[in-house]
Amino acid sequence: MAVERTFSILKPDATARNITGAINAIIEKAGLRIVAQKRIRMSRAQAEKFYEIHKARPFYGELVDFMTSGPVVVQVLEGENAVAKYRDVMGATDPAKAADGTIRKVHAKSVGENSVHGSDSSDNAKIEIAQFFTDKDIVG
Ligand code: CMP
């Protein structure tokens with residue numbers, strides 16, 4: 001598997017608890033390189049567009065409210081097999097089901113306030129990265 005990129009968000013529950021550095025340490029220890037990173041306030045329009053795929057889900061409104069409730073850190077991660085690797089490092093969406101040592105097992109509060117987002121495929125990673133970064137922002 002070649003070097004690829006994935007998109008990551010450190011969510012408002014992580015910025016609120018000042019644990020973005022602790023999460024980045026787990027990411028880097030796993031061999032993923034943070035090649036772009038910025039702390040932003042997601043607008044409602046950005047969050048609605050980003051999570052459009054979940055629009056029909058009962059938790060969509062709650063999800064958009066949460067993602068706009070405080071600062072987030074958006075990131076591009078690079079490495080061998082980065083999409084699958086980051087999903088392993090994050091652990092299951094529901095922290096109660098996440099494996100030991102994963103970011104969500106260690107840090108997440110609930111299925112909604114689950115500290116991190118990571119792309120689910122390489123194609124979606126490209127789409128998600130383009131929503132927040134230009135090529136110039138990414139320094140590999
Ligand atoms: P994420 O990887 O950002 O993608 C979609 C998000 O929806 C997911 O992480 C969860 O934070 C959120 N989510 C999934 N299921 C639920 C749920 N039952 N209630 C609230 N939020 C949820």
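The following legends describe close-up views of a predicted model.

**Figure 1**

**Figure 2. Elements and residue classes in the lining of the largest pocket.** Two or more lining residues are given by each of helix H3 (44–50), helix H4 (60–67), helix H5 (82–90), strand E4 (116–118) and helix H7 (122–132). Helix H7 provides the largest share, with 4 residues. By class, the lining of the largest pocket consists of 10 nonpolar, 10 polar and 10 charged residues.

**Figure 3. The stacked pair of Phe7 and Phe132.** The structure contains 4 aromatic pairs. In the pair formed by Phe7 and Phe132, the ring centres are 5.4 Å apart and the planes stand at 10°; the pair is therefore stacked, as the angle falls under the limit of 30 degrees for this class. Phe7 belongs to strand E1 (residues 3–10) and Phe132 to helix H7, so the pair ties together parts that are 125 residues apart in sequence. Both Phe7 and Phe132 are buried.

**Figure 4. The edge-to-face pair of Phe50 and Tyr51.** The ring centres of Phe50 and Tyr51 lie 4.9 Å apart, and their planes are at 90°, so the pair is classed as edge-to-face; the angle is over the limit of 60 degrees for this class. Phe50 counts as buried because its relative accessibility is 7%. Tyr51 likewise counts as buried, with a relative accessibility of 4%.

**Figure 5. The aromatic cluster.** Phe7, Phe50, Tyr51 and Phe132 together form one aromatic cluster.

**Figure 6. A charged group over an aromatic ring: Lys38 and Phe133.** The charged end of Lys38 is placed over the ring of Phe133. Its distance from the centre of that ring is 4.9 Å.

**Figure 7. A side-chain polar contact of Ser8.** Ser8 is part of strand E1. With a relative accessibility of 0%, Ser8 counts as buried. The side chain of Ser8 is in polar contact with the side chain of Tyr86, at 2.9 Å.

Note on methods: Residues are numbered from 1 along each chain as its sequence is written. This is a predicted model: local features need pLDDT of at least 70, side-chain atom pairs count only at pLDDT 80 or more; totals for chains, interfaces and linings use all residues. Side-chain values use heavy atoms; hydrogens and water are left out. Ala, Val, Leu, Ile, Met, Phe, Trp, Tyr, Cys and Pro count as nonpolar, Asp, Glu, Lys and Arg as charged, and the others, Gly among them, as polar. Rings of Phe, Tyr and Trp (its six-membered ring) pair if their centres lie within 6.5 Å; planes under 30 degrees apart count as stacked, over 60 as edge-to-face and the rest as tilted. Buried means under 20% relative accessible area, exposed over 50%, partly exposed in between (1.4 Å probe, protein chains only). A charge sits over a ring if NZ of Lys or CZ of Arg is within 6 Å of the ring centre and within 35 degrees of the ring normal. A polar contact is a pair of N or O atoms within 3.5 Å; within protein, one must be able to donate a hydrogen and the other to accept it, and residues adjacent in sequence count only if both atoms are side-chain atoms.
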